[in-house]
Amino acid sequence: MFSPTCEVLLKIIEEGTGSIKGDANSAYEIITTFEFIFLLHLVKEIMEITYLLCQALQRQSQDVCNALKLVASTKELLQKMKDERWDGLLSLIKSFFQDREIDIPNLSSTYFSRGARARKEHRDHTLEHHYRVDIFYEDINCQLMELNHWFNDSSMELLQLSATLNPKSVNEPFRSGDVCRLMEKFYPEDFNEQEKLLLKRQLQHYEIDVVKHTNYKLLTSISELCQWLIKTGRVANFHLIYRVASLILTLSGFHCYKRERSFSMMNLIKTRLRNKMEDEFLNDSLSITRSIR
């Protein structure tokens, strides 16, 4: 797509008039810069690593066990990219420039930023240092920080304990203790002391009457499990387990809501007229908006 896009822009520059010609010329100058092409390749490689996890988290019927494995593998691949991929990525980008006969800047030269921040920055940083440390390392670190934020130790434990009630875990031994731990650690206010004792008794019968049932093995999600318990009338006997399962089902919706709310607030702040707002000012503005709301 890069070469055809350049051809179209050059055609407009050659034959266009007025503001259209000026816009095409500006666009061509931007997309042929080293920084733009560097960012394209960097984002492409990061997205290739995170693609499977993003797809898994967007499925309506989530396989929690496999999603957790993807979180771990995604973190490991991002770290491996940070540790080992710089030289390969730089060589790939240089080849991209050479194939298209675009000049490659001297990466050993001193880096000077544009704008107000230029006065605050060190003058001994080279272009390579800027792209490697300020962009390459920083972008990967942001991805890792985001994953660690959404999947911290507490969240990972919550998901692992929740997977016990997932029918897809039928081939593994049923761990009733995990359900009790899930209830006691994450939902203590949803159960009184008598219900906590009763839940342990229900789990003993649940393992025999439900987990070992032939139809249970045909279920694919906790949502289907809840529907099956209602359909078969077993919800009356295992109403506390049904309550735990219902609480688990609110997890994915809650996380999606928080993320959608963040994007909604960002759209209120970063409008078309303020589309050049820098990240620092945007984050400060969002913090104020969150506190108000």
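1. In this predicted model, the side chains of Arg-181 and Glu-157 form a salt bridge with an N to O distance of 2.7 Å; the term denotes a side-chain nitrogen of Lys or Arg within 4 Å of a carboxyl oxygen of Asp or Glu. The two residues belong to distant parts of the chain, 24 residues apart, with Arg-181 in helix H8 (residues 176–186) and Glu-157 in helix H7. Helices are DSSP runs (H or I, at least four residues), numbered from the N terminus. Glu-157 is buried, at a relative accessible area of 14%, whereas Arg-181 is partly exposed, at 44%. Here buried means under 20% relative accessible area, exposed over 50%, and partly exposed in between, with a 1.4 Å probe and protein chains only. Glu-157 and Arg-181 also belong to a network of salt bridges that includes Lys-185.

2. On conventions: the model is predicted, local features need pLDDT of at least 70, side-chain atom pairs count only at pLDDT 80 or more, and totals for chains, interfaces and linings use all residues. Residues are numbered from 1 along each chain as its sequence is written, and side-chain values use heavy atoms, with hydrogens and water left out.

3. The count of salt bridges comes to 9. One of these joins the side chains of Arg-243 and Glu-195 at 3.1 Å, N to O. Arg-243 lies in helix H11 (residues 239–269) and Glu-195 in helix H9 (residues 193–211), so this pair ties together parts that are 48 residues apart in sequence. Arg-243 is partly exposed, with a relative accessible area of 27%.

4. A further salt bridge is formed by the side chains of Arg-234 and Asp-209, at 3.2 Å, N to O. Since Arg-234 lies in the loop between helix H10 (222–231) and H11, and Asp-209 in helix H9, the pair ties together parts that are 25 residues apart in sequence. In this pair Arg-234 is buried, with a relative accessible area of 16%, while Asp-209 is partly exposed at 29%. In general, side chains of opposite charge can pair when their charged atoms come close.

5. The largest nonpolar core has 37 residues, of which Phe-34, Phe-38, Leu-42, Tyr-131 and Phe-136 touch the most other members. A nonpolar core is a set of buried Ala, Val, Leu, Ile, Met, Phe, Trp, Tyr and Cys residues joined through side-chain atoms within 4.5 Å. Two or more residues of this core come from each of helix H1 (2–15), H2, H3, helix H4 (64–84), helix H5 (86–99), helix H6 (127–150) and helix H7 (153–162). H6 supplies the largest share, 8 residues. Apart from this core lies another, of 29 residues, among them Tyr-187, Phe-191, Leu-219 and Leu-225.

6. Phe-136 is in contact (heavy atoms within 4.5 Å) with Phe-38, Leu-42, Met-81, Lys-82, Arg-85, Trp-86, Leu-89 and Tyr-131, leaving aside its neighbours within four places in sequence.

7. Helix H3 has 25 residues, which at 1.5 Å a residue should span 36 Å; the end C-alpha atoms are 34 Å apart, in agreement. The expected span is 1.5 Å times one less than the number of residues. The buried residues of H3 include Phe-34, Phe-38, Leu-42, Glu-45 and Thr-50.

8. Thr-32 is placed in the loop between helix H2 (18–31) and helix H3 (34–58). Thr-32 counts as buried, at 17% relative accessibility, and its side chain reaches the backbone oxygen of Tyr-28 at 2.7 Å. Beyond its neighbours within four places in sequence, Thr-32 is in contact with Phe-2, Cys-6, Ile-37, Phe-97 and Ile-102.

9. The loop between H5 and H6 holds Glu-101 and Ile-104. Glu-101 is not a glycine, yet its phi is positive, near 55°; this residue counts as exposed, at 74% relative accessibility. Ile-104 is partly exposed at 31% and touches Phe-34, Lys-94, Phe-97 and Gln-98, not counting residues up to four places away in sequence. The C-alpha atoms of Ile-104 and Ile-93, 11 residues apart along the chain, are separated by 9.4 Å.

Definitions and conventions. A polar contact is a pair of N or O atoms within 3.5 Å; within protein, one must be able to donate a hydrogen and the other to accept it, and residues adjacent in sequence count only if both atoms are side-chain atoms.
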